[in-house]
Amino acid sequence: GLVPVEIDSSLPTEVRRDILGAASLSYFASRVVFCEGEDRSIDKTIYSAWFKGRDTVVLAVGSCESVRHSVKALNENRLIENLEAIGLIDRDFSPDTVLSRLGAGLVVLPVHEVEGLVCLPEIVERLAKHLGKVIPAQDVAAVIRSAITNDMVHRCALERMKSHFLNITQDIVLSKPPAWDAGSLRGHAGKLKSDLGSPQSPEAILDEELETMSSIRDSGTAKEMVQTFPSKQLATAVGAALGMKTEQLFELISSALLVDKDEVLGKLGRDLEAILSDAGLPPRTVTERPFTAAPS
């Protein structure tokens, strides 16, 4: 018979529809990859090319929070016994302390946002070679550095301060009392009040972040800059050096990853696959595993 399954009601309707749609595709699929962006976004384009084969379904569900909710809903509800969900999210402005506690099934990109993938030095050098250009690693760093404005430094410092401060205060507010009696609860409430008055000040965190952002902009490596600063402007600068727009670069990468027989494009795809695998993208295919019947 049919068994009702609860889907997290806090998820937007379109996300719940995507999750149920993913379950209906599980005749072949054993993995669903949720990513940020929309159906025609760069995220969906590159990940649909990266995850090859019928074993993986890629769904773009919008925000980072929607990705997190979708992964949790599918993995915890176990709609289909043999279906695993993972989520790919941008690093954005989150400090490492936040990223380390995102939960199971989530993979954080090695760059600030997906456009930063075309700014990785090894990717730029390989694309340049394919396009008949020469861009040494030190020149890649120079191109990226020239695209980082003072406004970007200040914005990054502010956003990272807010994320860091929010994380500190959230930890304090979400802490639990030692026991569930009235006295312990009142003592806990009093401790919350005192702790919330004593965390590191936003001004001090901002000063630290301003110093860090300026240091990375002035003397950081290409990878540090791409990991730290918003990637769209950086990708535009890299594209200009290669003579292509950002969208064209991703179309080239996607075509290379998908092709098998073309000797030149196929070689580019294999090289890009090795670079992106080393950078931390999940495996392109799923190791086949035996089917497990759902409990009756």
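The following dialogue discusses how to read selected features of a predicted model.

Colleague: Which conventions apply here?

Modeller: This is a predicted model, in which local features need pLDDT of at least 70 and side-chain atom pairs count only at pLDDT 80 or more, while totals for chains, interfaces and linings use all residues. Residues are numbered from 1 along each chain as its sequence is written, and side-chain values use heavy atoms, with hydrogens and water left out.

Colleague: What is the mean pLDDT of the protein?

Modeller: pLDDT is the predictor's confidence in each residue, from 0 to 100. Its mean for the protein is 85, and 84% of the residues reach 70 or more. Over residues 288-296, pLDDT stays under 50. Where pLDDT is low, the predicted coordinates should not be read in detail.

Colleague: Is Asn167 buried or exposed?

Modeller: Buried means under 20% relative accessible area, exposed over 50%, and partly exposed in between (1.4 Å probe, protein chains only). Asn167 counts as buried because its relative accessibility is 10%. Asn167 is found in helix α7, residues 150-174; helices are DSSP runs (H or I, at least four residues), numbered from the N terminus.

Colleague: Which helix holds Val173?

Modeller: Val173 also lies in helix α7, but Val173 is partly exposed, with a relative accessible area of 46%.

Colleague: How many disulfides does the structure hold?

Modeller: A disulfide is a pair of cysteine sulfur atoms within 2.5 Å. The structure holds zero disulfides. Cys35 is buried at 0% relative accessible area, and Cys119 is likewise buried at 0%.

Terms used:
Helices (H or I, at least four residues) and strands (E, at least two) are DSSP runs, numbered from the N terminus. Contact means heavy atoms within 4.5 Å.
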